[in-house]
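Trainee: I have just opened this entry and would like to understand how its chains meet. Could we go through it together?
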Protein chains: 2
Amino acid sequence: MSHPVDSVVSDVRTYIEQHRAAFLDDLAAWLRIPSVSAQPDHAPDVLRSADWLAAKLTETGFPTVEIWPTQGAPAVFAEWPSGDPEAPTVLVYGHHDVQPAAREDGWDSDPFEPVVRENRLYARGAADDKGQVFFHTLGVRAHLAATGRTAPAVNLKLLIEGEEESGSPHFQTLVEERVDRLAADAVIVSDTGMWSEDTPTVCTGMRGLTECEIRLYGPDQDIHSGSFGGAVPNPATAAARLVAALHDEHGRVAIPGFYDGIVELTDRERQLFADLPFDEQSWLRTAKSHATHGEAGYTTLERVWARPTAEVNGIGGGYQGPGSKTIIPAGAMMKLSFRMVAGQEPEHIEKVVRAWAAEQAPAGIRCEVVFGPATRPCLTPLDHPALRSVARAMGRAFDRPVGYTREGGSGPAAVLQEVLGAAVLFLGISVPSDGWHAPNEKVELDLLLKGVETTAYLWGDLAENWRHAP
Amino acid sequence: MSHPVDSVVSDVRTYIEQHRAAFLDDLAAWLRIPSVSAQPDHAPDVLRSADWLAAKLTETGFPTVEIWPTQGAPAVFAEWPSGDPEAPTVLVYGHHDVQPAAREDGWDSDPFEPVVRENRLYARGAADDKGQVFFHTLGVRAHLAATGRTAPAVNLKLLIEGEEESGSPHFQTLVEERVDRLAADAVIVSDTGMWSEDTPTVCTGMRGLTECEIRLYGPDQDIHSGSFGGAVPNPATAAARLVAALHDEHGRVAIPGFYDGIVELTDRERQLFADLPFDEQSWLRTAKSHATHGEAGYTTLERVWARPTAEVNGIGGGYQGPGSKTIIPAGAMMKLSFRMVAGQEPEHIEKVVRAWAAEQAPAGIRCEVVFGPATRPCLTPLDHPALRSVARAMGRAFDRPVGYTREGGSGPAAVLQEVLGAAVLFLGISVPSDGWHAPNEKVELDLLLKGVETTAYLWGDLAENWRHAP
């Protein structure tokens, strides 16, 4: 006699085992479609990828499946109502386009001919993001099979975009235009990863991002450094001084007002981060870097996950070719990016950066600041009921308690949080060795099936513990 | 009855007036040879220019005229002994190659078809440097005519190189190989200018120049600024901080040891500089700059002529293209140049720069410093007898006392000072409006003939006031 919960686990695992082969065959068929959104000659493949996914979602049982065109590549939308008026609505986000890949980049096999070696499935998109989108198809079927339901316990929506690898240029417009159809209580992003094979984790937030280019103009043209050097301001020096002034001696961003209103780490979060099996040498290898460095008083994980940054992504001015050129350059520029944490608004960052830059430029140097589009940060509190459901479902699938991480990068999920006003949660089973954007991208088959299993538990847990407030 | 001195002046002026037309015709013939050393297809023209000058110097009366080949373009050497064992030996330096020029660059007439408009001779090389080399031919003839001598009062040597506009790549080797033939008590450089049409001046020195490239290496490749930003050192930040640390808040170079041993300006020199009719607005227009800026406690002229500098000629790292790229760059570089004043040695500057750079680079950033060839500074004291002769001869030609300047740039003359151990003096009649290296280069005919006249007085004055110590 098994405990009722154990019976669900057993039923889910049996169902997955029975359907595993067909599931992997289907995923392989999808991975064969080279849906590279960044390469115009693959545009028909991106369309084919959307069609393929739409057909598969219909076959899975979603009563509504639509292909949503954009100015670029299409997204796929699917919806499966639970029938329960109090059930929460969950929107799963992922993408069906992939990064470019070519055998000669260093792949051991054709990137668009999936192959399994040592229980890993190798193909472009295996982890980023087709594999992680696809586990939702078998997951919802396992959920129904194990609970005897005919519809999911939550109102389940999927939005699988086709331009994520091209910077999601039309995503915000799409979401704004379809805001009524996309309405949700929570967004589940399945386009991330977890700590490692041995340490399943839930990500609780992403940093935001705002970027600018600062251009400094000095002499009207390059001038002779012998004739004039030492007596006029040099815009490359001014640019360098601006970059040098970004941080104080404690590694803190020195722009006045930069930290205004940020949500500080709680002691509990710091403890959870500290509980992770972090190894600095191994982290440095991943970072291909030779030392850690950053804001005093914070660990490396806190610095990349939970602290805002000011980073120079590029700097240039004057002569950079071989040999020398004795000039004072006419101008210099820098590209700065600011990672934001919860509580920071891009509009505020833009305001304080502009004020700071204007203050710094010396007489005789004109300063121009151009900001690009921004991505807001997102953060779900540890005690959010939906986050607790994700952690529980994942812990059940992995047979162990899960840890907590955040993501230092920034993504289009923030658009969903902002436009839909929904909590954003992350459910990803990819691991750092999966090789996103690199040759020999792969997904660990065991983890992929744990993803299936997690979603098989998640919808029931969510519906039980979090009711939609109509 | 005229004073004997006035009689020499009168004789010189009469002689010049009589030979003016032929002199200008000859110069025009030379200017028609497009001796552009930087353009390989003009190599035969550079050879032709050397031949033409050699023939003209023979015709002028130099008993020894030789064409000295180099690995590149040839130099012309001429020698005319005075016959007096105690006469000082003077070596005139100039160059017979010119900058590239094409009508379509904005010339109002063919750059290699000399034309006189409003008493100015327009042609590439008119001022830089054929005109200023050529005034020595008529000058020495006028000297002989007015004094009744058959040989000049000094041992006169000319070295007219053919690669100055290409950076004089073989000049040092040439001088070292021919050091015995070139031996001289003083070098007269006729490849510079004076303050203005109304203010004849003598230049007393040039700054030296040493240059380096500093390369900073961070991560092994560009890394993601989201995943790692805030927790590893950024080499573009390190480069910027290095450049920012070049100067203190008073505009002084902050590299420890940089000012060691420099020859400070005397009160008399500062007064002489202050006596020049300097107008900041007009200087800024020439500098195409919008403010003055530099070392506290010094005027603009002092800063460019007599103070050493550290200038960034170029800086680069990371992404500089359109849009943005969220990376921490793998590396960054800067090109620095240091103008040195008398008392500074390039070897010492290299040593202190290397020590300073090594000190600044943060952990995890590797720093590489590469120095190129250097040019030493040169300075002739105001009370040097040869300098006094130059100033007197010029004052006589211009009928007014001359002012004193220095040159902020650096040139091959320093090689002559160093290898020959000779005092270096500057005799130039070019003015800032002559358009060196620019379209519509010209020389003012009145000033060109004042150059002839100055040299007609100079050799006698030198021989009278400065004896060679055998």
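Predicted model: local features only at pLDDT ≥ 70, side-chain atom pairs only at ≥ 80, totals over all residues.

Trainee: What makes residue pairs across the interface count as polar contacts?

Mentor: An N or O atom of one must lie within 3.5 Å of an N or O atom of the other, with one able to donate a hydrogen and the other to accept it. Across the interface of chain B and chain A, 37 residue pairs pass that rule, both residues at pLDDT 80 or more.

Trainee: Which element gives the most to the side of chain B that touches chain A?

Mentor: That is S11(B), with 9 residues. The residues of this side of chain B divide into 24 nonpolar, 33 polar and 12 charged.

Trainee: Why are strand S11 of chain A and S11(B) said to pair?

Mentor: Pairing needs at least two bridges, and these strands have 5, in the antiparallel sense, so they pair. In one of the bridges, Gly317(A) has Ile315(B) as its partner.

Trainee: How much area do chain B and chain A bury between them?

Mentor: About 5300 Å², 55% of it on carbon and sulfur atoms. Lys288(B), Asn313(B) and Ile315(B) supply 11% of the area that chain B buries against chain A, more than any other three residues. The contact takes 69 residues from chain B and 70 residues from chain A.

Notes
Residues numbered from 1 in each chain as written. Chains lettered and ligands numbered in written order. Heavy atoms only, no water. Contact = heavy atoms within 4.5 Å. Buried area = accessible area lost by both parts, 1.4 Å probe. Polar contact = N/O pair within 3.5 Å; in protein donor to acceptor, adjacent residues only side chain to side chain. Helix = DSSP H or I, 4+ residues; strand = E, 2+ residues; numbered from the N terminus. Nonpolar A, V, L, I, M, F, W, Y, C, P; charged D, E, K, R; others polar.
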